[in-house]
Amino acid sequence: MKKLTLLLITFSFLFILSACSQEKTKKSSDSSSTASRQTSETPGNFNFDSKTVTLNSGYQMPVYGLGTYSLHGKECKTSVTAALNNGVRLIDTAHAYGNEKEIGEAVRSSDVPRKEIFIITKLYPDQFSDPEAAIEEALDQLDLGYIDMMLLHHPGNGDVKAYKAMEKAVKEGKIHSIGLSNWYIEELEEFLPQVDTVPALVQNEIHPYYQENDVIPYIQEHGITVQGWYPLGGRGHTQELLNDPVISKIAEHHDKSSAQVILRWNLQKGVVVIPGSSNPEHIKENTELFDFELTDDEMMQIHDLDRGEKHDWY
Ligand code: NAD
């Protein structure tokens with residue numbers, strides 16, 4: 001019974017989302033003033049023409065990007081450069097990845113103007129006791145003038161204090177938008193009443209084997225954009241997911257790769273994707289998500305793959 005209710009809720013949500021996106025696409029072709037219209041869109045809604053989402057902070061963020069969790073040194077720089085050269089404008093990093101410096105270097109040496117690139121970084125719980133110093137360190141490491149989005153990596157002692165320091169840094173113009181990572185319904189219910197700024201983004205583990213179909217609508221109903229980490233299942237699990245017979249069959253039908261189908265499934269659910277890769281061909285492939293559309297039936301087939309199987313502990 002519980003499963004059936006969940007299925008019905010998800011189905012209605014997908015229907016509303018698809019109706020909104022279709023309406024938006026229609027409006028886009030009717031009007032020549034895309035930029036001015038975007039700023040008045042409801043936060044959380046994706047614009048598939050500009051490939052961006054307007055955050056509740058008023059800023060626009062690309063709906064796909066590059067994850068840099070396991071990229072370091074020269075490989076990190078060349079991967080970020082390959083991503084920027086292939087039109088990727090969103091880069092996800094964190095203090096814990098130890099690569100903010102390389103990412104800043106790659107962005108600075110790119111021909112793409114800084115203001116067109118969206119950088120996300122994160123504070124780790126061991127930084128929450130002195131968040132002001134941690135924010136300054138991130139600004140210093142990246143050396144890009146400002147940070148587009150800073151998240152708390154996962155809940156920990158002092159997280160409210162750290163969030164308040166990020167709120168202050170927003171007022172000072174050091175950070176544009178702030179958010180959380182690895183916060184679920186219970187954690188959000190406890191956290192939100194303690195802070196002034198509704199997070200612009202929540203970044204959580206989301207892939208076909210761990211779908212968070214209860215958490216995603218909860219976050220989106222609060223006007224918060226959702227971003228999925230481990231979109232391809234994460235290292236060690238990627239092959240099983242990419243070879244999943246249901247996903248492979250859908251991919252074959254659309255003449256796309258399994259990775260593209262999974263990323264597109266996320267986008268149609270209103271989830272921003274940040275797949276990680278150091279392979280320029282994969283990086284390019286992961287941007288080609290806008291020339292096909294999954295049917296409601298295909299979305300449901302992937303929905304049915306959910307196993308509640310988390311691939312990391314946060
Ligand atoms: P992922 O699910 O993105 O999978 C990465 C793996 O998929 C790599 O082995 C890569 O070679 C492969 N791959 C990428 N594109 C492919 C393609 N087109 N075809 C075939 N294989 C492909 O895992 P990830 O990179 O670890 O996670 C994504 C990002 O999420 C990270 O880089 C990081 O930025 C972020 N992240 C955040 C948290 C958090 O707690 N906030 C935790 C983990 C990861």
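This is a predicted model: local features need pLDDT of at least 70, side-chain atom pairs count only at pLDDT 80 or more; totals for chains, interfaces and linings use all residues.
Local features are reported at pLDDT of at least 70 and side-chain atom pairs at pLDDT 80 or more, while totals for chains, interfaces and linings use all residues. Residues are numbered from 1 along each chain as its sequence is written, and side-chain values use heavy atoms, with hydrogens and water left out.

The protein has 13 helices and eleven strands; these are DSSP runs numbered from the N terminus, with helices being H or I of at least four residues and strands being E of at least two. Of its 314 residues, 54% count as buried, where buried means under 20% relative accessible area, exposed means over 50%, and partly exposed is in between (1.4 Å probe, protein chains only). Contact means heavy atoms within 4.5 Å. Among contacts between residues at least 6 apart in sequence, 71% join residues at least 24 apart.

Now for the ligand. There are 28 residues around the ligand, and Asp92, Ser181, Gln203, Leu232 and Asn286 come nearest; a residue is counted here if one of its heavy atoms lies within 4 Å. Several polar contacts (pairs of N or O atoms within 3.5 Å) can be listed. The side chain of Ser181 places an N or O atom 2.8 Å from a nitrogen atom of the ligand. For Leu232, a backbone N or O atom is 2.8 Å from a ligand oxygen atom, and for His153 a polar side-chain atom is 3.4 Å from an oxygen atom of the ligand. On its own, the ligand has 850 Å² of accessible area, and the protein covers 92% of that (Shrake-Rupley method, 1.4 Å probe).

Thr287 sits in the loop between helix 12 (280-285) and helix 13 (296-303). Thr287 counts as buried because its relative accessibility is 11%. A polar atom of its side chain lies 2.6 Å from the backbone oxygen of Lys284. Leaving aside neighbours within four places in sequence, Thr287 is in contact with Tyr64, Asn86 and Val88.

Lys51 belongs to another loop, the one between strand 1 (46-47) and strand 2 (52-54). With a relative accessible area of 30%, Lys51 is partly exposed. Not counting residues up to four places away in sequence, Lys51 touches Met61, Pro62, Val63, Tyr64 and Phe290. Lys51 and Leu267 are 216 residues apart in sequence, yet their C-alpha atoms are 9.8 Å apart in space.

Conventions:
A polar contact is a pair of N or O atoms within 3.5 Å; within protein, one must be able to donate a hydrogen and the other to accept it, and residues adjacent in sequence count only if both atoms are side-chain atoms.
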